[in-house]
Amino acid sequence: MLTKTSPEIGGMGHPIKRKEDLRFIQGKGNYIDDVQLPGMVYGQMVRSPYAHARITAIRTEEAKKLPGVLAVITGEDLAKANLAWMPTLFHDKQMVLATGKVLFQSQEVAFVVAEDRYTAADAAELVEVDYEELPVLVDPHKAQDADAPILRDDREEKSNLIFHWEVGDRAATEQQMKSAPVTALVKAFFPRCHPAPLETCGCVIDFNSATGKLTAWITSQAPHAHRTVFALVAGLPEQNIRVISPDIGGGFGNKVPVYPGYVCAAVAALTIGRPVKWIETRSENLQSTGFARDYHMEAELAADKDGRVSALRVKTLADHGAFNAAAQPTKFPAGLFSICTGSYDFSQAFCEVDGVYTNKAPGGIAYRCSFRVTEAAYLIERAMDVLAQELKLDPAELRRRNFIPPEKFPYPSPLGWNYDSGNYQGALDLALEKIGYNELRKEQAEKRKRGELMGIGISSFTEIVGAGPSHTFDILGLKMFDSAELRVHPTGKAIMRMGTKSQGQGHETTYAQIVAQELGIPAADVAIEEGDTDTAPYGLGTYASRSTPTSGAAAALAARKVREKARKIAAHLLEVSEEDLEWEPGKFSVKGAPGKSKTIQEIAFAAYTNFPQGMEPGLEAVHYYDPPNLTFPFGTYIAVVDIDKGTGEVKIRRFVAVDDCGNIINPMIVEGQVHGGLTEGLAIAFMQEISYDESGNVQGGTFMDYLVPTAVETPSWETGNTCTPSPHHPFGAKGVGESPNVGSPAAFVNAVVDALSHLGVKHIDMPLSPWKIWQILKEKGVTQ
Ligand code: CDP
């Protein structure tokens, strides 16, 4: 149990308003586009209209003649500096500017630099590129056909297969499949979608030729990793590179990769000798930066007649686009997709994934998701409903029969994970109670008799977040751990610098609450600084809900180091031995003499003015935290929907989300995280898809086609929590930021399929647009 601090201290569990919002709501944030430097110029990309074409000529003369244009950089120019290609985050390489041929529509072909952004945009129109069209590969199922065009002729392997990956026991799983009395198969496509953060990607790069220092303000979720990539790719000394990630208007995985625009802006700044700003338009962001998902999945469950599942077999085709730019740890080509056994205790499982190239934008990023967990959670939660339908069993009851029971934790999964803690039945029970499940089922039966369409969808998902541990996890060889550096000033106020970077998650508030909990210094007195590689200790950044499990832990452990030093100083001040002291948040007291005490503020002052002889002055500590395991948050979400028979429109009547992220730092922030993630899940389930026509033209490259939910479409979310602390995390917390995005798509789809199940509907692929539903209703004779 955590000691509850007073509201004045504001440690763990206090719903403190976000400190950072003061500047955000007053328009005083400092985003990339707010960065203005003297003499700054602007970059603009020239992009390919074709999905697959040979470049036969690029003529830049007309563009260069336009007054105000300073440079036009092409792939050939970059090739001279060996910068035409760069590494992706997953051991592939990617063209910075196209040389030879283009591989997807909107690919970067040239970079124009001008005095202002309008001139740059006009000049980009004047760059003439001659293309010779090549056959286009859009369907990943055809990528390995004998007559498929080979897209990546830069690679030695003349194949569109990027990887084949498998995990689990194939033979034992197949054996179970053959002998099981019941099997259920679902083929589910998780469409290509995009995080579409409010702020697009961009940078300002400044090179000071006198000091040799390159300062890069980048919309970066991983500033230190980006600094190292810059150093390795450009050959610049790392101490001369400073990456500053200012306020970020949403990342969701979109701002993890290094994009060609950053490299081109850096090259331009070095060659022109003036700071260069490059910021994407909305369409550029949607069409060319890291997409998510695009998994064609098949899951088969083997069960007995009572619905006890013995095995799961999964086969997946992953469309990675033109370059494998998945932000994934080296050992996991399909990310953490092998969490696909979910919350269930199956004795056998086998999972295989083929990754292929197609003529689409590169990516495979973890969109508010721990490296492919969303796909896995969606698949297993859909498969459980298909099995329930097959067995004519209530989906809640089927889940209950198969949950990993609490006493089995830590639980080794058949696909190799060691779940830290869980109580899945607890979360399901609370969600069922909150929504009034039994009543709703009765209502549904009555409505069905009247021909009305109502559905209830359950998703009891499990997550896996907080990468490292470093022995298993790395990005491009950089081990995954995280860090905190805490410095307490003489007056007892403090600053803590972190290796992560908030993009709206409220870190400035929640990290301060961790220090408040551990040291009793009020959260209001603790400044948090992230995103400046010149000041923060090395860290791997914020994505995949890793901040609380890793940096949060580092913060607590740095604070505990400070507390240990504070104990020594307190003993000196109170003239007792350290063993005679007891701690409560904010002060050390002499055991048995509570009046004899020193506050943390008094101790901090003494650390600079009256410390024991021989002790190092000052009160600070740094901690690099390498987690022993990941954390496994979970929850149950339930959606209730009504479908309009005439239009196919789905109305979300209610949505209950019960989450368990262990001990909560700030309940208000957690609730906000859940609201935001559910709204994204809603969009994915019903509105969003980036698809391509047969020529590789991107559909969904603007907000006219790629829809963003507004308050009109968004229901009022009902939230709740159970609390199952992580046993290995210093204060028992697990991540939460991505849970709602991971868990909700299955709840929505399960609800819609449930509403139509009596018509024989077993599965519908997202997005569940009114048009798609209406077509099904027409086919089933429900509507004309
Ligand atoms: O890595 P990221 O910040 O995106 O995800 P997270 O670690 O799940 O945290 C999201 C926000 O929720 C942060 O401000 C956390 O401090 C907060 N949180 C919390 O208050 N309690 C938890 N147990 C987990 C997260």
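Student: How do the residues of the lining of the second largest pocket divide into nonpolar, polar and charged?

Tutor: This is a predicted model, and in it the second largest pocket has a volume of about 580 Å³. Its lining is made of 24 residues, and F686, M687, E713, L768 and P770 are the ones that lie nearest the centre of the pocket. Sorted by class, the residues of that lining are 11 nonpolar, six polar and seven charged.

Student: Which element gives the most to the lining of the second largest pocket?

Tutor: Two or more residues of the lining of the second largest pocket come from each of β32 (650-660), α16 and α18 (770-779). Of the elements, the one that gives the most to this lining, with three residues, is β32.

Student: How much of the accessible area that the ligand has on its own does the protein cover?

Tutor: Side chains reach the ligand at T510, where an N or O atom is 2.8 Å from an oxygen atom of the ligand, and at S547, where the distance from a side-chain N or O atom to an oxygen atom of the ligand is 2.7 Å. The backbone of K734 also takes part, with an N or O atom that lies 3.2 Å from a nitrogen atom of the ligand. On its own the ligand has 520 Å² of accessible area, and the share that the protein covers is 98%.

Student: How many charged residues does the lining of the largest cavity have?

Tutor: The structure holds three cavities of 30 Å³ or more, and the largest cavity has a volume of about 110 Å³. It is lined by 13 residues, with T88, Q94, P257, V258 and A325 lying nearest its centre. By class, this lining has 10 nonpolar residues and three polar ones, while the number of charged residues is none.

Student: What is the volume of the second largest cavity?

Tutor: The residues that line the second largest cavity are L89, A222, A225, H226, V256, I475, L540 and Y543. They divide into seven nonpolar, one polar and no charged. The volume of the second largest cavity is about 50 Å³.

Student: Where is P410 found, and what is the peptide bond from F409 to P410, cis or trans?

Tutor: As background, most peptide bonds are trans. P410 is found in the loop between α10 (395-402) and β19 (411-412). With omega near -5 degrees, the peptide bond from F409 to P410 is cis.

Student: What is omega near for the peptide bond from G468 to P469?

Tutor: P469 has its place in the loop between β21 (453-462) and β22 (474-475). The peptide bond from G468 to P469 is cis, and its omega is near 10 degrees.

Student: What is phi of N82 near, and is that value positive or negative?

Tutor: Most residues other than glycine have a negative phi. N82 lies in the loop between α3 (75-80) and β4 (85-87). N82 is a residue other than glycine, yet its phi is positive, with a value near 60 degrees.

Terms used: Residues are numbered from 1 along each chain as its sequence is written. This is a predicted model: local features need pLDDT of at least 70, side-chain atom pairs count only at pLDDT 80 or more; totals for chains, interfaces and linings use all residues. Side-chain values use heavy atoms; hydrogens and water are left out. A polar contact is a pair of N or O atoms within 3.5 Å; within protein, one must be able to donate a hydrogen and the other to accept it, and residues adjacent in sequence count only if both atoms are side-chain atoms. Accessible areas come from the Shrake-Rupley method with a 1.4 Å probe; for residues, only the protein chains shown count as cover. On a 1 Å grid over the protein atoms alone, a cavity is a set of points where a 1.4 Å probe fits but cannot get out, and a pocket is an open set with protein on both sides within 12 Å along at least five of seven lines; lining residues have an atom within 4 Å of a point. Grid points are joined across faces, edges and corners, and a volume is the space filled by probe spheres set on the points. Helices (H or I, at least four residues) and strands (E, at least two) are DSSP runs, numbered from the N terminus. Ala, Val, Leu, Ile, Met, Phe, Trp, Tyr, Cys and Pro count as nonpolar, Asp, Glu, Lys and Arg as charged, and the others, Gly among them, as polar.
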